[in-house]
Amino acid sequence: MTTHTITVTVNGAKERLDVPSNMTLLKMLREKLALTGVKNGCEAGECGACTVLLDGEPVNSCMVLAVETDGHEILTVEGLAPEGELSPLQQAFIEHNAVQCGYCTPGMLMSATALLQRNPHPTETEIKEALVGNLCRCTGYVRIIKAIQSVAEQGAAS
Amino acid sequence: MTESKTTFTSEPVGKSVPRIDAYEKVTGSAIYADDMQFGPGLWYGRLVRSPHAHALIKKIDVSQALAMPGVKAVVTGADTPKNFGLYLVDRPIFARDRVRFVGEPVAGVVAVSEEIAEEAAKRVIVEYEVLEPVFDPVEAAQPDAPLLHPDLGKYKVANFIFPQPGTNISEHFKLRRGDVEAAWPKCAAIVEGEFRLPQIQHVPIEPHVAVSLWDLSDQVTLWTCSQSPFAQRDLIAQSLDIPHGNLRVVSPYVGGGFGGKAGVSMEICAVAMARAVKGHPVKLRMTREEEFIGTTVRQSLVARTKIGCDAEGNLLAMETAYYFGGGAYNDYGVNIARAAGYSCTGPYLIPNVKGDSYCVYTNLPVGSAMRGFGMPEIHWGIEQIMDQLAEKIGMDPAEFRRRNCVKTGETILTGMKMTPIDLVACIDKVTEAVNWGKDEPPSAPHKKRGKGLAIMWKAPAMPPNPGSAAIVRFNEDATVNVSIGAQDLGQGAFTAMAQIAAQTLGVPYEWVRISVPVDTKYSPYEWQTVASRITWSTGNAVRAAALDAKRQILEIVAQHWGENPEDLDIKDGVVFSYRTEEEQPLKGMVIYGLPNDNFEGWTGGPIIGQGHFMPTYVTNLDFETGQGTRAVVHYTVGAQAVDLEVDTETGEIEILKIASAYDVGKAINPDLIMTQIEGGAVHGMSSAFEGLKYDEAGRPLNPNLVDYRIATAMDIPRQIHGDFVETPVEDGPWGARGVGEHVMVPTAPAIANALYNALGVRFNDLPLSAEKVYMALKKRAGK
């Protein structure tokens, strides 16, 4: 197994890492950078718990090889609140009780963040479509959708 | 989270305060089992699993696996001679003489990396002699079926479970009340049906993870996502001969449980593997595929039910037989069959009942606790038959239920008096919310629209003596630490307990923290976080602990002021006297006490409040009749109404609205109840379309999230309407009892009843699907 040295910007910080060819971005984030906010739900691209933003686009980090991110930018849930000030979406998730067990929450926040960046005023259907790859077993999605709608209405993208 | 002390909510019980754990969860700082860091000494485990549904193990050769560089140990059933179990001790840790389902662990490999462990697992060579398997519970219950547990008679079993050695029947609960044979001739309408439900799975988004360390002094630690650290400790201690005090179970946040993280499944394998490599922590993680078939599932059910009523619509008789497909090991499943047995009438008054509830071994993954604990399974058939009876005698289904549903104080099927509830109010609320009785048109000519109703009941299914305990401690600034053994699975238990502690003590909600993680070394005992019992049971314990702390504080301040403690109270963190209006802030004194006059000594010291709760009034039930003074602590009841449309060209079902109403006793946090109602409605709806599938050899066909679909954001009803009723329970905090499971119990039958209303077609078997609906419509049209 070959090891590659890559340079990747994660949550605004440039990181130089040695990664094996077959290491996924998910493993790289969790094990090399201790960013355990990125969750492992299935390692098969089916649940969305591992969603992060790669150059602003939501990806299942379990389906991306670490080496593919060389020279690129990654944003995880830990990067949403630099200096401790919650993003409007994070704030809305709290206010609308969009969190129960919390395991899908980081992935949901990343998909929602990407959505509002590309479409600041999504319809309810557009929100549901953007979240279809993020599974939740606890909330029934109702409050998650409401939280995103409330941020969209305020006109503030995260 | 630590809100600043400038925000405070007085008297939080009954208020929708924000969740106490939300901040951690939205920032990604909440720690789950796989997030815990163990350093470079961490090793990894993988399980070797049986490819056969039923087979004798002839030989296991681990030499090739052990020879691989980086492999540290391989553990087999030869190393783990004792079974484990909660109600029926029937399950080996690693299979010993035989395997009983595809996926059963036969060996555990420990290696320095997950990749090496996975490679080594493939090199464990097992020789099997295949035996004939049995998958259907009715077949498996027959005397000539292949026998899964020849030693059933030798297993330790709880005194309220009755296995039948020499058969595959691990539990038989009998309910005999009145005389059904004499009642049938009096019935104007009788409906009989067979209903089949497949196994389904909890599908928590967090798969099971367990890390175990067996240190060189034989102190053992298990870190895992657990609903029941104390129950897991008890089972593992007994099976691996570890003194309880030497085994510690720690559970950080749980990423969804739904009952699947309540008992012991893969966790005990991790401990056994850790024992083979003392001094090194071993992490065992389930892949999603293993999560589906290697943890636990909800049992399948074949229900044969016959119910009759008179011409006025009064229910007269029920005869019912439940065959629960318990899977290869029925440890937890036996209690599900029992609970289904003593609740088999559903929330109705039926004077003549003959019920037989069986838990049956089948060569499939292990059935265990899942949200509802038998109630979703049995209500699927009961609620459809009630609709059919109503139709036969020409009565509106809602009216039929209002007439026959059980009311407070009435004598139910086990002979106990119904505890305080108001099911009629729940029916009224949901029927109003869907404009019941009003025929509303579908949105297109090729669509059909229908409305359906279902009601439910459930009691916590527990042994008679499940205890909760709590400790209340203070910090110097008078913020409060509440220690409990109960877990927050997402349902909001920590928030509710903080509210109860705050209100009882007289401090703002924001001053209270829950001491997480739950840790058997430091947390007080909690039986299990299951059965929707925590708000009620742990709530009582927390309230008792807070009252204990409050009493101590008032005594100290009263002595300091030369007053009577009865004239003092605490509000917003300040002790005050009703008589003199003097004030004493809690800050400082809850640790240091108060100086006497002229500093002639001190009064008080560190305040620690302790409390516990355990019901004392549950009785056994007669083995022949199921009758007893008090079968259960209480019932929670509720209703759901569904308004849906069916596309007759594709069979696709669109749920327009689910309206729910539950009698919760007291809503400690109204919005958290709403979130349970919403999540439960979607979970209940999803469960109607889910089913594990197997081939003819018992191999799983859909253990992944593509082939086993759960509801996504695109699948949810257009509207979910929720409401609650508050008829206080006799012994809960402010009258509160649980609702976490109830919210998904009636959804599937409500959908079935709505489909009948829309299409005139009955669906007796789950799962539903567009294909099934389409084919049924085609068949009816004679094509």
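Helix 11 of chain B crosses helix 12 of chain B in a left-handed sense (the near helix turned anticlockwise from the far one by less than a right angle). The structure is a predicted model, in which local features need pLDDT of at least 70, side-chain atom pairs count only at pLDDT 80 or more, and totals for chains, interfaces and linings use all residues. Residues are numbered from 1 along each chain as its sequence is written, and chains are lettered from A and ligands numbered from 1 in the order in which they are written.

The axes of helix 11 (residues 397-404) and helix 12 (residues 423-433) of chain B lie 9 Å apart, at an angle of about 165 degrees. Helix 11 of chain B is therefore roughly antiparallel to helix 12 of chain B (angles over 145 degrees). B:Ala398, B:Arg401 and B:Arg402 of helix 11 meet B:Val424, B:Ile427 and B:Thr431 of helix 12 (C-beta atoms, placed from the backbone, within 7 Å).

The largest nonpolar core comprises 316 residues (buried Ala, Val, Leu, Ile, Met, Phe, Trp, Tyr and Cys joined through C-beta atoms within 7 Å; buried denotes 20 or more other C-beta atoms within 10 Å of a residue's own). Helix 14 (residues 534-561) of chain B supplies the largest share of this core, 12 residues. Among the residues with the most contacts inside the core is B:Val482. Beyond four places in sequence, B:Val482 touches residues including B:Met497, B:Ala501 and B:Val542.

The contact between the chains takes 41 residues from chain A and 44 residues from chain B.

Technical notes
Axes fitted to C-alpha atoms, helices over the stretch in contact; angles between N-to-C directions. Helix = DSSP H or I, 4+ residues; strand = E, 2+ residues; numbered from the N terminus. Parallel < 35°, antiparallel > 145°, perpendicular 65-115°, else oblique. Contact = placed C-beta atoms within 7 Å. Buried ≥ 20, exposed ≤ 12 C-beta atoms within 10 Å, placed from the backbone.
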